[in-house]
Each structure stands twice: as C-alpha cells, then as structure tokens.
Amino acid sequence: MKAKIEFDGKFYEFPVTKGSEDEYAIDISTLRAQTGGLITLDRGFKNTGSCESAITFLNGEEGILRYRGYSIEDLAENASFLEVAYLLIFGELPSESELNKFYDDIKAESNVDEEMHKILDGFPKSAHPMGVVSSLTNALIAFNPSSVNVESKEDMYNAIIKLLAKFPVLCAWALRKRTGQPLDYGDDSLGYVENVLKMMFKKANQNYEVDPVIASALNKLLILHADHEQNCSTSTVRVVGSSHAGLFASISAGISALWGPLHGGANQAVIEMLEGIKEDGGDTKKYMQKAKDKEDPFRLMGFGHRVYKNFDPRARIIKKSADDVLGNLGVEDPILDIAKGLEKEALEDDYFVKRKLYPNVDFYSGIIYRALGIPTEMFTVMFALGRLPGWIAQWREMRLGKEPIGRPRQVYTGEKLRSYKPMDQR
Ligand code: SDX
C-alpha cells in the first residue's frame with residue numbers, strides 16, 4: 001500500500017506500514033531525500049509515530065489497553081505486578097520457576113549502597129519526592145558504573161534487575177526522608193508489593209503487618225500504571241536512551257518528564273483540585289465553568305487524554321476499586337463524592353462531550369492512594385513505581401532494535417542573516 005503527496009506540482013509516493021491491530025502509518029523516512037528538504041510539522045507529535053513497538057496496544061476510540069496482547073482488565077484482575085513487569089519486559093507471562101528466579105534475582109540486588117544516604121541527606125525535608133527519586137536514580141550510576149552493554153544479554157538483565165530491586169527502596173527513602181522516619185531496607189520474606197508497603201510505612205519501633213486489602217489495591221494500581229505506549233515520559237526514556245545514555249540515566253529523565261502536572265503529576269494536582277473545591281464549599285458547577293473559560297487557566301485535572309477519546313479503561317477500574325478499597329478499609333472520603341459529582345456533570349456537559357474529555361487514570365487514583373495512607377506529594381512517585389517496568393521494556397526494545405538517535409527537525413522562524421553590530425551602534 002502506498003500514499004501519495006503532491007507538493008509544488010510534483011507527486012511523491014511513500015510506503016504505508018500496517019500494524020498487527022490494522023493501524024496504518026505513512027512511512028516518511030525518505031521525505032526529505034525525495035523532495036529536496038520538505039519536512040512535516042506536528043506540534044506535540046499528535047499525528048506522528050516515533051517507532052514500531054510490540055509492547056502495549058491502545059485504542060483511544062474504543063478505550064482498549066493491552067500489555068503484550070493481554071487486556072488491562074484481565075491483568076488487573078488476575079496478575080501480580082511482578083508478573084506484569086516480567087511480561088512487559090520479556091514479552092511473555094513467566095512460568096512459576098521463571099517468576100521465582102526473577103524475584104530471587106531482584107531480592108539479591110535490593111541493597112542500596114550506604115553512601116547513597118549522603119546524597120539523600122543533602123536534600124531538605126521539604127524537597128519534592130519526585131526530585132529526590134529522579135536524582136537518586138541518576139546517582140545509582142555512580143555505584144553501578146558498568147554501563148549496559150546491550151549486546152550482552154547478561155549485562156542487560158543485570159541492569160534491569162538492579163533497577164527493579166533498588167528503585168522501590170529509593171521511593172520509600174524519599175517518603176521516609178519527608179516523614180522523618182529512619183530509612184528501611186525492606187524484608188525479603190515479603191512479596192514485591194508487600195515489601196514496598198513495609199519499606200514505606202514500617203515504624204522504627206513497631207512491627208509492620210501488611211494489610212492484604214492495601215497490598216491488593218496497590219498491586220492493582222501498579223499494574224494499571226505499568227505501561228502506556230509512547231506517552232511523554234516513555235518517549236523521553238526512548239529518546240534519552242537513543243543517544244546510548246545508560247538505562248539508569250534514561251529512567252531518571254523519564255521520572256522528570258512524568259513529574260509535570262499535565263502528565264503523571266496530574267494525580268497530585270487532582271487531589272489538590274478536589275480539596276480546593278471542598279474547601280470552597282463543594283460547588284462543582286463553579287469549577288466546571290472555570291474549566292470551560294478560556295480566560296481562566298484552571299483545568300479539570302484528571303480529565304482529558306491525548307489518545308483516549310472514550311473512557312480511559314484504567315479510570316473505570318480505579319473508580320470501582322476506590323469504592324471497594326474505601327469500603328473495605330471503612331474510609332469515608334468526601335472528595336470521592338466531589339469527584340463523582342464532577343465526573344457526572346462533565347459527562348453531561350457539551351464542552352466536555354464535544355471535546356471527548358473523560359476521566360483519565362489520574363482522576364481517581366489519588367483517592368485510593370490517600371486511603372492507603374500515602375501522602376499527596378508521593379502520588380507521582382507511586383505512578384513512577386508502577387511505570388518503571390514499562391519504561392524498562394520500552395528502553396530495552398529501542399536499544400535491542402538498534403533505533404537511530406532521536407533528533408527531530410524544525411521550521412526556523414527567526415532572523416535572517418545579519419552582521420555583528422558594534423556596541424556604539426546598538
Ligand atoms: C497521563 O499520554 C499518556 O498516555 C499519558 C498517561 C500515561 O499513562 O502515561 O495516560 C498519563 O498523563 C494522563 C493525563 C494526565 N493529565 C491531566 O489530567 C491534566 C489535564 N488534562 C489536560 O491538560 C489534557 O487533556 C492533556 C494534557 C491530558 C491532553 O492534552 P492534549 O491532547 O494536548 O489536548 P488539548 O490540550 O489540545 O485539549 C483539547 C481541547 C482544548 O480545548 P479547545 O482549544 O479545543 O477549545 O480540550 C480542552 C483544551 O482546552 N481540554 C480541557 C482539558 N483537557 C483538554 N479543558 C478543561 N479541562 C481539561 N482537563
């Protein structure tokens with residue numbers, strides 16, 4: 001199949017590539033060569049594919065999300081987060097022995113060099129945990145200097161295991177730094193998700209019993225956040241990695257991209273928005289008007305999505321899980337009702353319906369994190385913890401696929417050639 005472009009009276013042909021879910025893309029790799037310099041312009045890459053990938057499939061119109069062909073509903077209901085991490089990275093669900101070896105290898109690497117404390121100590125208690133975690137992830141390079149020789153399957157595996165092992169410790173440290181708790185190294189007798197909870201919440205002078213309701217809720221949330229094709233932070237990981245920067249450096253860059261309130265930082269912004277509405281008397285109609293007013297910078301955080309023009313399937317699952325978790329924990333949270341009220345109004349409002357703005361993954365997740373006792377500033381760190389296997393899988397696919405360095409072009413709109421002006425002539 002071909003696509004034809006006419007430019008300046010001439011016709012040019014380009015191959016059309018077809019994905020395994022019958023998606024079509026015009027391959028414009030030869031555009032500049034064929035036309036003598038023509039490029040495309042696509043702000044925010046809304047219509048541009050950056051790669052071919054076999055990891056995650058989204059259908060935004062139908063609200064479909066699959067990891068390696070398995071539906072998000074199926075995995076969220078039946079899998080463990082570690083199984084999903086293995087699936088995303090290596091392409092298949094692990095056998096029991098493969099999963100046990102995977103976790104044994106992770107446990108063997110879960111110590112973080114004591115010297116890393118000095119870097120953590122350098123941060124003020126008020127430092128945002130996302131800044132702490134992205135810095136510490138980068139600092140891990142200094143303690144694991146061997147860059148990843150991607151031609152070596154063993155090197156690649158070891159780097160992946162180290163990151164999956166140490167990243168949860170860094171996330172827990174970021175929380176404990178903020179709460180003034182001594183650092184905790186976890187307990188290898190626990191499962192991966194249970195250990196995250198213990199590292200985050202165990203008090204120095206008390207035992208910590210993992211609540212299975214909380215562990216199950218966190219397991220599901222981490223699965224739901226594990227990958228999402230070429231979103232902003234994943235594209236960042238792939239572009240940084242395409243320069244052959246190492247895995248840890250690439251993931252650190254992805255954490256920084258995720259921090260933004262238009263992306264993963266939205267889960268914190270949603271709770272702050274809902275709390276603001278509650279403080280302001282719970283008048284959701286007033287905030288709906290603000291969200292629609294072009295003169296007002298206020299946006300309905302947790303609503304809208306670049307790809308989903310239907311319900312984000314993750315938001316559906318999280319909304320139901322919020323009811324279940326708060327019910328099981330006996331938690332009453334008035335902002336859940338405010339969230340549901342906003343959703344109902346938005347789904348009946350022409351502005352949102354016309355623009356196909358639905359709740360996204362961030363709209364309800366914070367309500368569950370809150371019920372689990374996770375502070376608001378840690379919400380995006382929890383997103384990063386879930387997204388880590390997806391970032392790793394995408395980085396690995398890009399490097400093994402020998403992708404070229406990511407280097408977009410531009411349309412220059414600045415000054416034409418001009419001569420230097422001496423100071424007395426300016
Ligand atoms: C994530 O890409 C991914 O896959 C990301 C993610 C993942 O798993 O990695 O799914 C995670 O980042 C989810 C999104 C979290 N962000 C938010 O909830 C922030 C609020 N949402 C928006 O800022 C916005 O919807 C984006 C950033 C999510 C998407 O922006 P787009 O695709 O660039 O769309 P746009 O900004 O051009 O909006 C189109 C129209 C505009 O109105 P018009 O100019 O056409 O009149 O919709 C309006 C926007 O003003 N609009 C909103 C809105 N989102 C879009 N109006 C009010 N409130 C909103 N939330």
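User: How many salt bridges does the count come to here?
Analyst: This is a predicted model, and the count for it comes to 23 salt bridges.

User: Okay, which residue does glutamate 77 pair with, and where do the two sit?
Analyst: Glutamate 77 forms a salt bridge with lysine 220, and their closest N and O atoms are 3.8 Å apart.

User: Is glutamate 77 buried or exposed?
Analyst: Glutamate 77 is exposed, because its relative accessible area is 57% and the cut-off for exposed is over 50%.

User: Switching to lysine 198, what is its partner, and are the two buried or exposed?
Analyst: Lysine 198 forms a salt bridge with aspartate 184, with 3.1 Å between the closest N and O atoms. Here too distant parts of the chain are linked, as lysine 198 lies in helix α8 (residues 192–201) while aspartate 184 lies in the loop between α7 (153–179) and α8, 14 residues apart. Both lysine 198 and aspartate 184 are buried.

User: And what about lysine 286, which side chain does it meet?
Analyst: The side chain of lysine 286 meets that of aspartate 280 in a salt bridge, at 2.4 Å from N to O. Lysine 286 is partly exposed, with a relative accessible area of 37%, and aspartate 280 is partly exposed as well, at 32%.

Conventions
Residues are numbered from 1 along each chain as its sequence is written. This is a predicted model: local features need pLDDT of at least 70, side-chain atom pairs count only at pLDDT 80 or more; totals for chains, interfaces and linings use all residues. Side-chain values use heavy atoms; hydrogens and water are left out. A salt bridge is a side-chain nitrogen of Lys or Arg within 4 Å of a carboxyl oxygen of Asp or Glu. Buried means under 20% relative accessible area, exposed over 50%, partly exposed in between (1.4 Å probe, protein chains only). Helices (H or I, at least four residues) and strands (E, at least two) are DSSP runs, numbered from the N terminus.
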